[in-house]
Amino acid sequence: MIRAEANDSKLVEDFLRQVRHTLEAHPLFDDYCMVLGPTPAPLAKRAGKSRWQLLLQTQSRPLMQKILYSAKPAIHLLPSAKKVRWSMDIEPQDLS
């Protein structure tokens, strides 16, 4: 799960769209990987900030970790990365 928030909802959504493109362009991203979102977070507004999220699903935890850890530097370089507050949560829920 990648979460982002800022005062401007459009800025947050655009940032997560860029993150999605970065993940889908990753060399390890295959037919068994899926990105859901960006979508508004369950609490879409909190303390005046718009909150959105993006979910990466893979068949294995090691693959997901490799994709996220190697994509993280590219995400930091995105133009809007410094304009939003964002975080990654690896395995936000256990689906087994």
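Analyst: One term before we start: a residue counts as buried when its relative accessible area is under 20%. With that cut-off, 39% of the 96 residues of the protein are buried. Keep in mind that this is a predicted model.

User: What share of the contacts join residues at least 24 apart?

Analyst: If you take contacts between residues at least 6 apart in sequence, 63% of them join residues at least 24 apart.

User: Let's switch to α2. How far apart are its end C-alpha atoms?

Analyst: They are 22 Å apart. The helix covers residues 61–76, so 16 residues at 1.5 Å a residue should span 22 Å, and the two values agree.

User: Where's the kink in α2?

Analyst: At S70, shortly before the proline P73, and the bend is about 30°.

User: What caps the N-terminal end of α2?

Analyst: S60 does that: one of its side-chain oxygens lies 3.3 Å from the backbone nitrogen of L63.

User: Which residues of α2 are buried, and what do they pack against?

Analyst: The buried ones are L63, M64, I67, L68, A71 and I75. Their packing partners are β1 (2–6), α1 (9–24), β3 (49–57) and β4 (85–88). As for the spacing, an α-helix has 3.6 residues a turn, so residues three or four places apart point the same way.

User: Which residues does T22 touch?

Analyst: Leaving out residues up to four places away in sequence, T22 touches A71, A74, I75 and L78. T22 belongs to helix α1, and it is buried because its relative accessible area is 17%, with the cut-off at under 20%.

User: Changing topic: how many aromatic pairs does a search of the whole structure find?

Analyst: The search finds 1. The pair is F15 with W86, and it is tilted, with 5.9 Å centre to centre and 45° between the planes. It links distant parts of the chain, since F15 is in helix α1 and W86 is in strand β4, 71 residues apart.

User: What about Q53, what does it touch?

Analyst: Q53 is in strand β3. Not counting residues up to four places away in sequence, its contacts include M1, I2, R3 and L16, and also G37, P38 and T39. At 16% relative accessibility, Q53 counts as buried.

User: Last one. Where is I90 found, and what is it in contact with?

Analyst: I90 is in the segment after β4. Setting aside neighbours within four places in sequence, I90 is in contact with M64, Q65, L68 and Y69. At 22% relative accessibility it counts as partly exposed, because buried needs under 20%.

Technical notes:
Residues are numbered from 1 along each chain as its sequence is written. This is a predicted model: local features need pLDDT of at least 70, side-chain atom pairs count only at pLDDT 80 or more; totals for chains, interfaces and linings use all residues. Side-chain values use heavy atoms; hydrogens and water are left out. Helices (H or I, at least four residues) and strands (E, at least two) are DSSP runs, numbered from the N terminus. The expected span of a helix is 1.5 Å times one less than its number of residues. The bend at a residue is the angle between axes fitted to the seven residues ending there and the seven starting there. Buried means under 20% relative accessible area, exposed over 50%, partly exposed in between (1.4 Å probe, protein chains only). Contact means heavy atoms within 4.5 Å. A polar contact is a pair of N or O atoms within 3.5 Å; within protein, one must be able to donate a hydrogen and the other to accept it, and residues adjacent in sequence count only if both atoms are side-chain atoms. Rings of Phe, Tyr and Trp (its six-membered ring) pair if their centres lie within 6.5 Å; planes under 30 degrees apart count as stacked, over 60 as edge-to-face and the rest as tilted.
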